[in-house]
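Hi,

Here is the structure we talked about. Please open it alongside this email; my notes follow below.

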Amino acid sequence: MDAFLSATGHILTPMPFMWCLLGTALGIVVGAIPGLSGSMLITMTVPLTFFMASYYDALILLVAMYVGSVSGGLISATLLRMPGTPASIMTTLDGYPMAQRGEPGRALGFGIMASFVGGVISWIFLISLSPTLADWAVTFGPWEYFTMVMMALVLIASLTQGSMIKGLLSGVLGMLASMPGVDPSTGMLRLTFGIDEWANGFTLLPVLLGVFVVSQVLKYIINIESKVELIEASNRGIFMTLKDWKRQAVNLVRSSIIGTWIGILPGIGASIGSICAYTAAKNMSRTPEKFGTGFEDGIVSAEAANNATIGGALVPLVTMGIPGSVIDAILIGALLLHNLQPGPLLFVTDPEVPYTIISTHFIANIVMLVMMLASVRWIARIMTVPTAFLMPVILMFCIIGSFSLQNRMFDMWVALGFGVFGFLMERIRIPLAPFVIGFILAGLAESELRSGLMASAGSIEPLFTRPIAATFLAVSVFMLVWSFWREWRQGRAQTLARGEAA
Amino acid sequence: MSQRETSAILEISISILFVVLAAALFVDSLDLPESLREPLGSSSVPQVVCLLVIGFSVALIFRSARIVVKERARRATNASASSPQAPLFRKRLDLAAKVFVGATIYVALMQTRLLPSELLTPLFLGSSIIMLTEFRRSALLPAIVVAIVIGLGTNYLFTDFFYIDLP
């Protein structure tokens, strides 16, 4: 409790609060601009935080950006029918039609309020679950960590849009990319082909910058000629009435809880949360046919859930050092950059770090609400920055940002190389999220597996006899089998449909 | 050729690249010595991961090859099928390639240290923006202004604010 109050008090002092304001504002603006995403912004900012005086301020800035960017996607989803971030895909279905029929302010208002409520409800789960889960996670041994990482990879491969094989391929490619360099257990050089620069392997940030940012820049340049129609933003009807609150109460709470629990599952992020909540709202609605026509229930369910996933995803991050989403994976990179070891022991060794993250999440939600209600009309104007001007600037930041961490030219080439790699993966619809999770967690999985085998004299029996490890393994196997079966069924249905059409 | 067939061929090509990459890493890992102290050693996990990459890539190749065969058979039997819908806008792979080559030259010149980054960064920005606006006269002046302001501003930010020595 003392650490929580101390962290909250620190954030409310002038300089840290300024970082919170700046982070939220930048996150909202970047989240609103189609072509940019929170993961891009946070990845580009992490190298700069290395030079900040305090790592608490760095965490405040990054978590505030996280909250802002997920919320900001609502603006372009509603006014442009283009989700500013993947988390806002479902918001386009009802936000844009409502804006089109002359109620953009009302659409934005529902989204902003729902985002705030989703954030607050998930924060309640975050603050109440984290200390207990951290205590529980301290009892984890190497087998539990190994099976949890495998479960995270399988979950994200199976629940990401697209083919299961491609999701798994992405995950193992990420693991493979992390292996050249020094073996963490023996200190031996491996898979370097004798190239000196590979002795330290591929550093996390240049890889992230390449895969997430450079590849997206190339993709948006290719689509530079796509035209978008912008609906003028308005503040009319932006505040929900008491009647609206009463009507949406159940939807808000249900969608927030769905989003929070989806977020807690390792590796899965806001887009899946909003899809699940939207689907649930539609299935439970008395008027499901209204979904997709500019129905407020659709906007509320999508936005409450996608913001709720932030708090949920922070739970495994602060308690176990396992990313709840791709952005959390980047936050792990930030923690490591500042010599902080993510995991349950952080609550013991430096409790102000997890509580800074937890408190920032809450305060940033309040800041987001005020900022978006007050300035959504002006933020909407920034969305039309021409791609031709924006993309070269972002590419330049990636290149210089890659260099800035270790002053190595090699890192610039890594960013460009992985940019092409990420671009090729996306061209054939291999999802990038499992790649990043695999890259970040491979080292942990390998070292825990080898520690476990050393402790058990080479036997894998603890995988099946230790209850928690066995549970994680069972979930992984179940998800693998279920996902392949589901894909096979969908493929069969599509083949039959094509046969009938012919 | 249908879009499905083109995508499948692209999938096959890129999957072959993954197989070659994983095979090269697998062969390199064979030189790693066995461990005396622990059951796995440095090579086991990389080898398993390489084999998984190869396995999934081969599965993808087979799946894509089946799609190519089916699409070709469909084309052969259904010659009067309607042509695919024209895209709503032109895809500019050429522009992306040019900007990427520009970025490569930018990094290569920084590596040679023939020119300082204060000069190279605005040059890269300006040339990229001008290429992307396709040399439109109306965009020339804004491109130059943005290139100078952001290029020099970024250099100042990194060197004098963050104290990072840029090349």
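A salt bridge here means a side-chain nitrogen of Lys or Arg within 4 Å of a carboxyl oxygen of Asp or Glu. Keep in mind that this is a predicted model.

**Salt bridges**

Searching the whole structure gives 20 salt bridges over all chains.

Start with A:Arg466 and A:Glu144. Their side chains form a salt bridge, at 2.7 Å from N to O. This pair joins distant parts of the chain, 322 residues apart. A:Arg466 sits in the loop between helix H19 (462-465) and helix H20 (467-501) of chain A. A:Glu144 belongs to helix H7 (residues 142-159) of chain A. A:Glu144 has 3% relative accessibility, so it counts as buried.

Next, chain B. B:Glu134 and B:Arg92 make a salt bridge, with their closest N and O atoms 3.0 Å apart. Here too the pair links distant parts of the chain, 42 residues apart. B:Glu134 lies in the loop between helix H4 (117-132) and helix H5 (137-161) of chain B. B:Arg92 lies in the loop between helix H2 (44-77) and helix H3 (93-112) of chain B. The relative accessible area of B:Arg92 is 5%, so this residue is buried. B:Glu134 is partly exposed, at 41% relative accessibility.

Back in chain A, A:Glu103 pairs with A:Arg106 in a salt bridge of 3.9 Å, N to O. A:Glu103 has a relative accessible area of 27% and is partly exposed. A:Arg106 is also partly exposed, at 22%. Both residues belong to a network of salt bridges.

**Helix H13 of chain A**

Now look at helix H13 (residues 326-337) of chain A. At 1.5 Å a residue, its 12 residues should span 16 Å. The end C-alpha atoms are 17 Å apart, which agrees.

How many residues of H13(A) are buried? The count is 11 of the 12, so the helix is largely enclosed by the rest of the structure. Buried here means under 20% relative accessible area. The buried residues include A:Asp328, along with A:Val326, A:Ile327, A:Ile330 and A:Leu331. A:Gly333 and A:Leu337 are buried as well.

After the helix comes A:Asn339, which has a positive phi, near 60°.

Best wishes

Definitions and conventions
Residues numbered from 1 in each chain as written. Chains lettered and ligands numbered in written order. Predicted model: local features only at pLDDT ≥ 70, side-chain atom pairs only at ≥ 80, totals over all residues. Heavy atoms only, no water. Helix = DSSP H or I, 4+ residues; strand = E, 2+ residues; numbered from the N terminus. Expected span 1.5 Å × (residues − 1). Buried < 20%, exposed > 50% of the residue type's maximum accessible area, 1.4 Å probe, protein only.
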